[in-house]
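Student: Could you go through this structure with me? I'd like to start with the pocket and then move on to the ligand.

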Amino acid sequence: MTPSSKVLKTIKWIYSPCHRKKKILCVPALFFILTVTMFISLKIDLICPFSFLLFPEMSSSLVPRKSKHFDNICLHPYEKQLSNERIEVNLNVNDLELTAFTGQAENVAIGGAWSPTECWPKYHVNIIIPYRQRQEQLRVFLHYFHRYLPLQQIAYRIIVVEQSAEKEFNRGKLFNVGFVESEKRFPSDCYIFHDVDLIPQSLNNMYACTGMPRHLSSAVDTFNYQLPYCGILGGVVAMRSQHFREVNGYSNMFYGWGGEDDNLYFRVSQAGLNVIRFEPDVAKYKMLRHIKEVPNPARFQIMEMDQGIYSAEGLNNLNYTLLSYELKPLYTRIFVHV
Ligand code: BGC
């Protein structure tokens, strides 16, 4: 039997009930099967905006630091469940009096670290920012975050990983460098991978890790506060360090704009982890204005290539040249050639 006649025979076999039984029943049945199939393939995207309702408590609850402290633990807006309305940060970037800001936020230690002194902070995070030539945005970012984060009563450090001029920007690789360098100098159980142009609008959006990786910036103003698609994992992501190692970090292969975040989503799913998102009211962000970058058209091919080799491509084959390491008054600066 030739291959084409085999295919024909299979099709006939599938449709044979239609020949035997009344056609009147068969057509709606086939239509029903087709609709169900379509629905299943779209299902993930349909439930995606509501996924914050689906995950078990354990995955979406915050993971505290390991400690023997039982008293005088800092209280957090998220856990006190204050209404969003009461604590929403009133952010108007133009009102930030940037010119008056000389770089001395209150009690921020050199290197951009801060910790509450009146109580014991249950959460500790390293915040990694990939960076190049966005001076104005970095100024707004630091100004805002050294006021916003102390209100959450967490211990944190802001680490800016700056790429040298030679090659195209590689956001994923800079995150990997930030992680590896931080683990050497000031390790943490929780990392936040953060774009410099995103400003959170609700204090309930805790800068801490959940049981599963969390997409913090799932409601950004430039996307009308909606999730553009389910597999998006750009902007701001919180991950426990053990999970970041498990997924082998970001890919190092995405030079230029786009793709590395979609690829991280793939890595997270492959590792059997779920992406958690808080409700849109909590996950609200404003994006600071900037000229839109030109997306890298090769990102889909790189993605395809990486998906076959991701366990050998990422944190475990990372190479870079550390050009300098500095403790600035408001942040730790890691300058690299990648
Ligand atoms: C890019 C992502 C980006 C997303 C939203 C996608 O096409 O690959 O990197 O986050 O668009 O802008």
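Student: Which element gives the largest share of the lining of the largest pocket?
Tutor: In this predicted model, the largest share comes from α9, which gives three residues to the lining of the largest pocket.

Student: And which elements give two or more residues to that lining?
Tutor: Those elements are β2, which covers 124-131, α9, which covers 260-270, and α10, which covers 299-309.

Student: What volume does the largest pocket have?
Tutor: The volume of the largest pocket is about 1,100 Å³. There are 41 residues lining the largest pocket, and the closest of them to its centre are Asp195, Asp197, Trp257, His290 and Glu293.

Student: How does the lining divide into nonpolar, polar and charged residues?
Tutor: The lining of the largest pocket has 16 nonpolar residues, 12 polar residues and 13 charged residues.

Student: OK, now the ligand. Where is it?
Tutor: The ligand takes up the space of the largest pocket. Around the ligand are Phe223, Tyr229, Ile232, Trp257, Gly258, Gly259, Asp261, Asp262 and Arg299, and by class this shell has four nonpolar, two polar and three charged residues.

Student: Which polar side-chain atom lies 2.5 Å from an oxygen atom of the ligand?
Tutor: That atom belongs to Asp261. In the side chain of Asp262, an N or O atom is 2.7 Å from an oxygen atom of the ligand, while for Gly259 a polar backbone atom is 2.9 Å from a ligand oxygen.

Student: How much of the ligand's accessible area does the protein cover?
Tutor: On its own the ligand has 310 Å² of accessible area, and the protein covers 80% of that.

Student: Changing topic, what is the phi of Asn72?
Tutor: Asn72 has a phi near 55°, which is a positive value in a residue other than glycine. Asn72 is found in the loop between α3, spanning 57-60, and α4, spanning 77-80.

Student: And what about the phi of Asn248?
Tutor: Asn248 is not a glycine either, and its phi is positive, at about 65°. This residue sits in the loop that runs between α8, spanning 241-246, and α9.

Key
Residues are numbered from 1 along each chain as its sequence is written. This is a predicted model: local features need pLDDT of at least 70, side-chain atom pairs count only at pLDDT 80 or more; totals for chains, interfaces and linings use all residues. Side-chain values use heavy atoms; hydrogens and water are left out. A residue is near a molecule or strand if one of its heavy atoms lies within 4 Å of it. A polar contact is a pair of N or O atoms within 3.5 Å; within protein, one must be able to donate a hydrogen and the other to accept it, and residues adjacent in sequence count only if both atoms are side-chain atoms. Accessible areas come from the Shrake-Rupley method with a 1.4 Å probe; for residues, only the protein chains shown count as cover. On a 1 Å grid over the protein atoms alone, a cavity is a set of points where a 1.4 Å probe fits but cannot get out, and a pocket is an open set with protein on both sides within 12 Å along at least five of seven lines; lining residues have an atom within 4 Å of a point. A molecule sits in a cavity or pocket if more than half of its atoms lie within 2 Å of its grid points. Ala, Val, Leu, Ile, Met, Phe, Trp, Tyr, Cys and Pro count as nonpolar, Asp, Glu, Lys and Arg as charged, and the others, Gly among them, as polar. Grid points are joined across faces, edges and corners, and a volume is the space filled by probe spheres set on the points. Helices (H or I, at least four residues) and strands (E, at least two) are DSSP runs, numbered from the N terminus.
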